[in-house]
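Please consult the sequence and the structure shown here before reading on.

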Amino acid sequence: MPLQPLRPLQLRHWSHAALHLAEFATHIPADCSDEVERLSCAARELEESGYERRAEECAIRARRLLEAEHVSLPPVLYLPQVDGGVVSISGPSQGELASWRYNKTPALGDSDISGVLGPEAASEADRVMAALCAVRSRPARRGRAREAAHPLRAGDRAQRDHLEGLLQRGLADRLGRQLHGYEERIYVQLVGRGLDAGGLRVCEQCLLVFEAPRAAACAACRRSPVRPKYPEHLRPVLPDRAAGVRTSVRVVGNRVVGSISRTRSTRQLRYIGTCQCGREFVAEDASRKHCRKCGSGRGRTARHREERASETASETQ
Ligand SMILES: [Zn+2]
Ligand SMILES: [Zn+2]
């Protein structure tokens, strides 16, 4: 059977297609899950001994504890990848939500919201965080409401509207610019909830905010697509076209705070391969077959000797 050419690795770990398959979950801290486990065990034991009322009380306490923890943390979003894996994208912080809403990049720290943007911004960030914790799935599809999203997980209409307004306003503020740092995560978190972006989109390749209802990439990226080669033994890694460094200096109370946020990846097309020695290597051209060690002069001689030795061995058999 011929080998299937490997698809390029997703540089950004998300695409609009993958966001349709997003799942949400909350990491429960260890001390909380230990306590829930203890209460559940106690409930089982009490029930077996015939103390049904006390067993019920324990079970209720365990459930309340779990629910309280569950809604106090923004859920982590899980996205399926082309290679069959799953990538988790953590929920934004309060400072990031406020920075998205008031168009600040790099993001503010949680404790700086009030100082920089005022108390109104801080309480707005609280409301947004509560909505983000409550809305943890895509909305029910029309006509298939019964089998689709759980009403509790989809949040109520007001919470969804609130988040939708946040998404649309944030994108409108950044139209024609590339998202940077935390902004990308906020976009992914909100669009993963099936919220309407109001005709604006973020390019999957360069993170430019542009006007289109469905396109995956902006006009510039579509005009000059990256064309990787697909040799059998190498997997292409697409270049990162996102914006470079962005810096800001702000006055917070009586401090001056400077922050820098950088691009995460290189602008060159590269390939990842596995050498015959088992080592993984990164190459800039698609013709390379060996890691640096095996590809060097000494490595070539050793390989040649090995091949000759195995040929002689098979001849003598
Ligand atoms: Zn683009
Ligand atoms: Zn090697």
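**Strands, core and helices**

Val237 stands opposite Arg270 in strand 9; helices (H or I, at least four residues) and strands (E, at least two) are DSSP runs numbered from the N terminus. This is a predicted model, in which local features need pLDDT of at least 70, side-chain atom pairs count only at pLDDT 80 or more, and totals for chains, interfaces and linings use all residues. Residues are numbered from 1 along each chain as its sequence is written, while chains are lettered from A and ligands numbered from 1 in the order in which they are written.

**Strand pairing**

- Strand 6 and strand 9 (residues 270-274) run antiparallel and are joined by 4 bridges; two strands pair if DSSP finds at least two bridges between them.
- The order 6-9-10 describes an open sheet of 3 strands with antiparallel pairing.
- Its edge strands, strand 6 (234-237) and strand 10 (280-283), each pair on one side only.
- On average, neighbouring strands of this sheet are turned by 25° against each other, direction ignored.
- Strand 2 is also joined by 4 bridges to strand 3 (residues 86-89), and the two run antiparallel.
- Within that pair, Tyr78 stands opposite Ser88 in strand 3.
- The hairpin of strand 2 and strand 3 has 5 residues between the strands, and Gly84 takes a positive phi near 95° there.

**Nonpolar core**

- The largest nonpolar core has 35 residues, and Leu163, Tyr187 and Leu190 have the most contacts inside it.
- Such a core is a set of buried Ala, Val, Leu, Ile, Met, Phe, Trp, Tyr and Cys residues joined through C-beta atoms within 7 Å, where buried means that 20 or more other C-beta atoms, placed from the backbone, lie within 10 Å of the residue's own.
- Helix 9 gives the most to this core, with 5 residues.
- Leu190 touches Leu163, Leu167 and Leu195, not counting residues up to four places away in sequence; contact requires C-beta atoms, placed from the backbone, within 7 Å.

**Helices**

- The axes of helix 6 and helix 8 come within 9 Å and cross at roughly 115°; axes are lines fitted to C-alpha atoms, for helices over the stretch in contact, with angles from 0 to 180 degrees between N-to-C directions.
- Arg127, Val128, Ala131, Leu132 and Ala134 in helix 6 meet Gln159, His162, Leu163 and Leu166 in helix 8.
- Just after helix 2, Gly50 takes a positive phi of about 90°.

Terms used:
Buried ≥ 20, exposed ≤ 12 C-beta atoms within 10 Å, placed from the backbone. Contact = placed C-beta atoms within 7 Å.
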